[in-house]
Amino acid sequence: MKPLAVSGGDPAGIGLEIAASAWLGRDAGALPPFYLIGDSTILAARAIETGHVLPVQEITGPAQAADAFGQALPVLNLP
C-alpha cells in the first residue's frame, strides 16, 4: 500500500496536532501508513508543547514513509 500524504497546513493551525495524534494513536494495521508534509522542527516543538513524545523521521520521498511509519512519524521536511 502506498503511504498517504498529509499536509501540515498552516503552521499556526491544528493540522500538525491532528497528524501527531493520529500517529500516536495508531494501532498495528488499523491506520494506513502516512507521512506529513511540513516543517519537522515546528512539529517537534508542537509535540513537546502538548506533552507528547513524538519520534520524527525526516524522509526525502514517499517511498521511505512506509518503512519509517512503525517507528516514527515520517516527515517530508518543508521548512
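These legends accompany several views of a predicted model.

**View 1**
Let's begin with the overall picture. Along the sequence, the elements of the protein follow one another as β-α-β-α-β-α-β. The radius of gyration is 11 Å, close to the 12 Å that the globule rule gives for 79 residues, so the protein is as compact as a globular protein of that length. Along the principal axes, the C-alpha atoms fill a box of roughly 30 × 25 × 15 Å. Of the 79 residues, 33% are buried. Among contacts with a separation of 6 or more, 66% come from residues 24 or more positions apart. The protein exposes about 4,600 Å², and carbon and sulfur atoms supply 61% of that area.

**View 2. Parallel strand pairing around E4.**
Here we turn to the strands. Strand E2 runs parallel to E4, and three bridges join the two. One place to look is glycine 38, which stands opposite asparagine 77 in E4. Strand E3, residues 56-59, also pairs with E4 in the parallel sense, over four bridges. For this pairing, find glutamine 57, whose bridge partner in E4 is proline 74.

**View 3. The largest nonpolar core, with twelve residues.**
Its members are Leu16, Ala19, Ala20, Trp23, Phe34, Leu36, Leu43, Ala47, Leu54, Phe69, Leu73 and Val75. Two or more of these residues come from each of helix H1 (15-24), strand E2 (34-38), helix H2 (40-49) and strand E4 (73-77). Helix H1 gives the most, with four residues. In soluble globular proteins, nonpolar side chains tend to be buried together.

**View 4. Tryptophan 23 and the residues it touches.**
Now for one member of the core, Trp23. Leaving aside residues up to four places away in sequence, tryptophan 23 touches Phe34, Leu54, Pro55, Phe69, Gly70, Gln71, Ala72 and Leu73. Phe34, Leu54, Phe69 and Leu73 also belong to the core.

**View 5. Serine 40, a buried residue in helix H2.**
We finish with a polar detail. Serine 40 has a relative accessible area of 7%, under the 20% limit, so this residue counts as buried. The serine 40 side chain makes a polar contact of 2.7 Å with the side chain of glutamate 58. Not counting residues up to four places away in sequence, serine 40 touches Val56, Glu58, Val75 and Asn77. Of these, Val75 is also one of the core residues, while asparagine 77 is the residue opposite glycine 38.

Note on methods. Residues are numbered from 1 along each chain as its sequence is written. This is a predicted model: local features need pLDDT of at least 70, side-chain atom pairs count only at pLDDT 80 or more; totals for chains, interfaces and linings use all residues. Side-chain values use heavy atoms; hydrogens and water are left out. A nonpolar core is a set of buried Ala, Val, Leu, Ile, Met, Phe, Trp, Tyr and Cys residues joined through side-chain atoms within 4.5 Å. Buried means under 20% relative accessible area, exposed over 50%, partly exposed in between (1.4 Å probe, protein chains only). Contact means heavy atoms within 4.5 Å. A polar contact is a pair of N or O atoms within 3.5 Å; within protein, one must be able to donate a hydrogen and the other to accept it, and residues adjacent in sequence count only if both atoms are side-chain atoms. Two strands pair if DSSP finds at least two bridges between them. The radius of gyration is taken over C-alpha atoms; the globule rule is 2.2 Å times the number of residues to the power 0.38. Accessible areas come from the Shrake-Rupley method with a 1.4 Å probe; for residues, only the protein chains shown count as cover.
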